[in-house]
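The sequence and the model come first, and the notes follow by topic.

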Amino acid sequence: MVARFIIQKTLTTAAMAAVVLSSVIFLSARADEVDKVLRVCQDPNNLPFSNIKGEGIENKLAELFAKKLGWKLDYFSFPQRMGFVRNTIRFKLPGTNYRCDIIMGVPTGFDQIATTKPYYRSTYALVFPKGKGLDTVKSKQDFLQLDSKQLKKLKIGLYDRSPASQWLSRRGLLEQAVPYRIMNADPNQYPGEIIEQDLAAGKIDVAVVWGPLGGYFAKKIKQPELSIVPLVSEPGVNFQYEMSMGVRFGEKEWKAQVDKFLDENKTEITAILREFNVPLLDETGQPIP
């Protein structure tokens, strides 16, 4: 949430020092030099990142990579819950191949696999309907400076144990929080429900989610029309994350090949991210117009 991996990254970083939820979210595979197949493990129900129909950001990136390699593309689908990495990219029975060889989207430095150089940077964001009293909010400061009575009435949806929950706690707004479980055991659950179902239906007033999740559903949902406001990190709360691809430890040549793909196809990769309305940041953490 991206989103689920961002939550896992946050928890790992809490072990290391503590983005979907955002949302956050996730393909995997590898290229095999023998049979020329790019084997990608994906969450089958995790838009905007991946789904069984191949409609997500990471599906499109996998298609681009396979095309550039001239290889067949194949998926191994597994719900992105606890144990996702263990049951996908690192799973191998004696005498068999690994189930998959690359994870298309993980936080840079994710400690369960070797991560490539980052190919995009994004941040958590506020998402809310237009015309509901929040149209003056253009930044985190605008939100916090709302009239205290108005602020106290808001129902703010967020995923548990995320930077959003840390932020609301530090700002004394936990009473307004409506927590959602990022690691729901229901295979039909997906991080975007917080926006597509509950925010759109008025069950919550604001959602604080991983930026790609917010950007995708803000573009997809036509009624109500949604605003998205990227959040800036502050002392004690990191909203901004770099995203990489992931391979198994020790596969240096394969990792170098993935890094080469990222270097040589920046324009096309960015176009895919733009198509999905991902809030992008530059290397200094500033929004890219």
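This is a predicted model: local features need pLDDT of at least 70, side-chain atom pairs count only at pLDDT 80 or more; totals for chains, interfaces and linings use all residues.

The link between Cys-41 and Cys-100 is left-handed, with -100° about the S-S bond. The two cysteines connect distant parts of the chain, 59 residues apart.

**The disulfide**
- A search of the whole structure finds 1 disulfide.
- The sulfur atoms of Cys-41 and Cys-100 lie 1.7 Å apart.
- Cys-41 belongs to strand β2, while Cys-100 sits in the loop between α3 (84-87) and β6 (103-107).
- Both Cys-41 and Cys-100 are buried.

**Strand β2**
- Strand β5 (residues 72-77) runs parallel to β2 and is joined to it by 5 bridges.
- Within this pairing, Leu-38 stands opposite Leu-73 of β5.

**Helix α10**
- Helix α10 covers residues 266-275, and its buried residues are Ile-269, Ile-272 and Leu-273.
- These residues cover an arc of only 100° around the axis, so they are on the same side of α10.
- An α-helix has 3.6 residues a turn, so residues three or four places apart point the same way.
- The buried residues of α10 pack against α2 (57-69), β8 (120-129) and α9 (252-264).
- After α10 comes Asn-277, which has a positive phi, near 65°.

**Leu-151**
- Leu-151 is located in helix α5, which takes in residues 148-153.
- Leu-151 has a relative accessible area of 9%, and buried means under 20%, so Leu-151 counts as buried.
- Leaving aside residues up to four places away in sequence, Leu-151 touches Phe-143, Leu-144, Leu-146, Leu-173 and Gln-176.
- One of these contacts, Leu-173, is 22 residues from Leu-151 in sequence, with the two C-alpha atoms 8.5 Å apart in space.

**The chain overall**
- The chain contains 10 helices and 13 strands.
- It has 289 residues, of which 55% count as buried.
- The chain exposes about 12700 Å², and carbon and sulfur atoms supply 51% of that area.

Methods:
Residues are numbered from 1 along each chain as its sequence is written. Side-chain values use heavy atoms; hydrogens and water are left out. Helices (H or I, at least four residues) and strands (E, at least two) are DSSP runs, numbered from the N terminus. Buried means under 20% relative accessible area, exposed over 50%, partly exposed in between (1.4 Å probe, protein chains only). Accessible areas come from the Shrake-Rupley method with a 1.4 Å probe; for residues, only the protein chains shown count as cover. Contact means heavy atoms within 4.5 Å. The arc is that of the directions from the helix axis to the C-beta atoms. Two strands pair if DSSP finds at least two bridges between them. A disulfide is a pair of cysteine sulfur atoms within 2.5 Å.
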